[in-house]
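Below are my notes on the model, as numbered points. Please read them with the coordinates open.

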Amino acid sequence: TDAVLLSIGSQIDADYANKVLETELGQKLGSALRDAGIDEEQLQAVLSGALDTSPEATSKRIVDFATSFFSAFQANHGDDEGEAQVAGFTELIKNAVKEGFAQARDILDGISRISTDLSDDIDQTFGLAMEGIDRFAEDQRGLLEKAPQQEQLLAA
């Protein structure tokens with residue numbers, strides 16, 4: 001991989017770090033989702049919005065972006081059972097998020113020393129994103145469990 005070193009000063013602020021982080025995550029998620037057969041137009045339609053740079057808001061955007069492609073993933077993996085779809089999708093996006101965070105941190109480290117506060121924010125954002133993906137997966141599993149119960153009620 002080619003790297004370009006930039007001289008932007010001794011400190012990187014949170015806005016700049018979040019832009020690098022979101023760019024890297026967007027690229028990794030986009031690549032993973034393209035590989036899973038998700039349409040390019042769907043990818044581009046989700047890539048806009050205002051930017052609150054707190055760890056909570058950033059992680060929410062990451063989770064919302066990544067999980068918005070679940071129905072397309074399901075359509076491309078229709079031969080799989082519901083649990084296999086949830087597990088496969090969760091693994092796909094978690095790996096993409098991990099790679100995106102690692103690459104963003106490498107880029108930021110290559111440009112300038114990351115402050116302890118900013119490093120803590122990145123770690124918090126990563127943790128919250130992983131928790132959000134886990135919550136999404138559990139919600140999907142809950143829906144899978146409810147589906148047979150609803151079918152039985154409708155049949156009665």
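1. Glu-56 counts as partly exposed because its relative accessibility is 43%; buried means under 20% relative accessible area, exposed over 50%, and partly exposed in between (1.4 Å probe, protein chains only). Glu-56 is found in helix α3. Helices (H or I, at least four residues) and strands (E, at least two) are DSSP runs, numbered from the N terminus.

2. On provenance: this is a predicted model, in which local features need pLDDT of at least 70 and side-chain atom pairs count only at pLDDT 80 or more, while totals for chains, interfaces and linings use all residues. Residues are numbered from 1 along each chain as its sequence is written, and side-chain values use heavy atoms, with hydrogens and water left out.

3. Overall content: the protein chain has six helices and zero strands, in the order α-α-α-α-α-α along the sequence. Of its 156 residues, 35% count as buried.

4. Glu-56 also belongs to a surface patch of negative charge, together with Asp-52, Asp-117, Asp-120 and Asp-121. Patches are made of residues with over 30% relative accessible area and no salt bridge, like charges being joined within 9 Å and nonpolar side chains (Val, Leu, Ile, Met, Phe, Trp, Tyr) within 5 Å. Asp and Glu count as negative, Lys and Arg as positive; His and the chain ends are not counted. Helix α6 (residues 116-155) gives the most to this patch, with three residues.

5. Helix α3 covers residues 55-67, and its 13 residues reach 18 Å from first C-alpha to last, close to the 18 Å expected at 1.5 Å a residue. The expected span is 1.5 Å times one less than the number of residues. Its buried residues are Pro-55, Ala-57, Thr-58, Ser-59, Ile-62, Val-63, Phe-65, Ala-66 and Thr-67.

6. How many salt bridges are there? The count comes to five, a salt bridge being a side-chain nitrogen of Lys or Arg within 4 Å of a carboxyl oxygen of Asp or Glu. One of them joins the side chains of Asp-64 and Lys-60, at 2.6 Å from N to O. Both residues lie in helix α3, four residues apart, about one turn of the helix. An α-helix has 3.6 residues a turn, so residues three or four places apart point the same way. Asp-64 is partly exposed, at 39% relative accessibility.

7. Asp-134 forms a salt bridge with Lys-94, with 2.6 Å between the closest N and O atoms. Asp-134 lies in helix α6 and Lys-94 in helix α5 (residues 82-111), so this pair ties together parts that are 40 residues apart in sequence. Lys-94 is buried because its relative accessible area is 19%, whereas Asp-134 is partly exposed at 35% relative accessibility.

8. Asp-123 and Arg-105 form another salt bridge, their closest N and O atoms being 2.6 Å apart. Here too the partners lie in helices α6 and α5 respectively, so the pair ties together parts 18 residues apart in sequence. Asp-123 is partly exposed, with a relative accessible area of 44%, and Arg-105 is partly exposed at 22%.

9. Ala-87 lies in helix α5 and is partly exposed, with 34% relative accessibility.

Methods:
Areas by Shrake-Rupley, 256 points an atom, 1.4 Å probe, with all protein chains shown as cover. Charge placed at Lys NZ, Arg CZ, Asp CG, Glu CD.
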